Amino acid sequence: MTHWGILGPGRIAHKFAQDLLTLPDAQLYAVASTDQQRADEFAQQYGATHAFGSYDGLLTLPDLDVVYVATPHVKHYDNALMLLNGGVPVLGEKPFAMNGQQVREMVDTARSKRVFLMEALWSRFMPVLQRAHQLVQDGAIGTVTSVRADFGFAAPFLPEKRLYNKDLGGGSLMDIGIYPLFFSYLMLGLPQTVKASATFASTGVDEQCGMVLTYADGEMAVLESTLRTKTPCEAFVFGTEGHIRIHSRWHETQGLTLERNGHDPELFTAQRTTFGYDYEAAHVMQCLAEGRTESHLWSLDDSVNLMTLLDAVRAEAGIVY
């Protein structure tokens, strides 16, 4: 049985905890908040044994196996370092931290102490996304020529809430633009050039961000994130012999269509009854059982590279925290 802790019992943590209940070898063992009542209520709702009104309470549990960090973006770095320095394995929500320097310090700490660390980029572990990646690796659409992906929804303008609050790391890029960037990196690796532009809300966060990435062999990725309107939320991989369309909402999709030149379209689906966080949780548990200190599907180097891309986009688009 894997004893899980949750640090930061917010909206995403509730979904994660619900999905954790579906895994027979997982137990929500502890929850930590800055509010004791909130921790108590969360623990009672999901059957956790321990509830703490401070984050460092998790360090008092020698039989805690791993902690899911689900605090606001700007706290990920401090929260992860506290746990890693205490010898506690960490699954840290995306974005891993606020910049590359912070991510590299987290990675160096985890590796020097040989403590498991992984970015909770849940899309990487979705069966359909894994299938899409395998199709590309197998050459099902020939040589990849371009990638397109968007992610947008109409967010209410609430300056005190996270999405529009610069102090909490708000904005479209860090919250949802990370997904199209992740997708381009998964399919094409690191680009040669990054071009980006953004429009800004009155609070200073980016409401919209457009990105164009080019690669050594002439490939291109065209990516978009927006808080101003609902977009199709689809992703495409185009190749010399066909293309893959990943159905909406692609980052948590349950289906894709493979269209190969001269062949009928092929549909691949993976239905589920969970939110989808159980896939990344199960992967973490597998890694821990195998004695790994990082994932073989989404390595710490991958997280460093993704944050390097995010930093490059921010520099190009003038997004500053």
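**Figure 1. Packing of helix 3 against helix 4 in the predicted model.** Helix 3 (residues 76-85) and helix 4 (residues 100-113) pack at an angle of about 10°, and their axes lie 10 Å apart. Helix 3 is therefore roughly parallel to helix 4 (angles under 35 degrees count as roughly parallel, over 145 as roughly antiparallel, 65 to 115 as roughly perpendicular and the rest as oblique). Helix 3 contributes Tyr 77, Ala 80, Leu 81, Leu 84 and Asn 85 to the contact, and helix 4 contributes Gln 102, Glu 105, Met 106, Thr 109, Ala 110 and Lys 113; contact means heavy atoms within 4.5 Å. By class, these contact residues are 6 nonpolar, 3 polar and 2 charged (Ala, Val, Leu, Ile, Met, Phe, Trp, Tyr, Cys and Pro count as nonpolar, Asp, Glu, Lys and Arg as charged, and the others, Gly among them, as polar). Axes are lines fitted to C-alpha atoms, for helices over the stretch in contact, and angles run from 0 to 180 degrees between N-to-C directions. Helices (H or I, at least four residues) and strands (E, at least two) are DSSP runs, numbered from the N terminus.

The model is predicted: local features need pLDDT of at least 70, side-chain atom pairs count only at pLDDT 80 or more, and totals for chains, interfaces and linings use all residues. Residues are numbered from 1 along each chain as its sequence is written, and side-chain values use heavy atoms, with hydrogens and water left out.

Figure 2. Strand 13 (residues 255-260) pairs with strand 14 in the antiparallel sense over 4 bridges. Gly 255 has Thr 269 of strand 14 as its bridge partner.

**Figure 3. Helix 7 and its surroundings.** The 13 residues of helix 7 (residues 277-289) reach 19 Å from first C-alpha to last, close to the 18 Å expected at 1.5 Å a residue (the expected span is 1.5 Å times one less than the number of residues). Among its buried residues are Tyr 277, Ala 281, Val 284 and Cys 287; buried means under 20% relative accessible area, exposed over 50%, partly exposed in between (1.4 Å probe, protein chains only). The buried residues pack against strand 1 (2-7), helix 1 (11-20), strand 2 (26-32), strand 4 (66-69), strand 5 (90-93) and strand 6 (117-120). Gly 291, with a positive phi near 75°, follows the helix.

**Figure 4. Backbone details in loops.** Lys 94 and Pro 95 are joined by a cis peptide bond with omega about -15°; Pro 95 is in the loop between strand 5 and helix 4. A cis peptide bond also joins Ser 248 and Arg 249, with omega about -15°, and Arg 249 is in the loop between strand 12 and strand 13. Arg 114, a residue other than glycine, has a positive phi near 55° and is exposed, at 62% relative accessible area. Cys 233 has a positive phi of about 55° and is buried, at 3%.

Methods
Two strands pair if DSSP finds at least two bridges between them.
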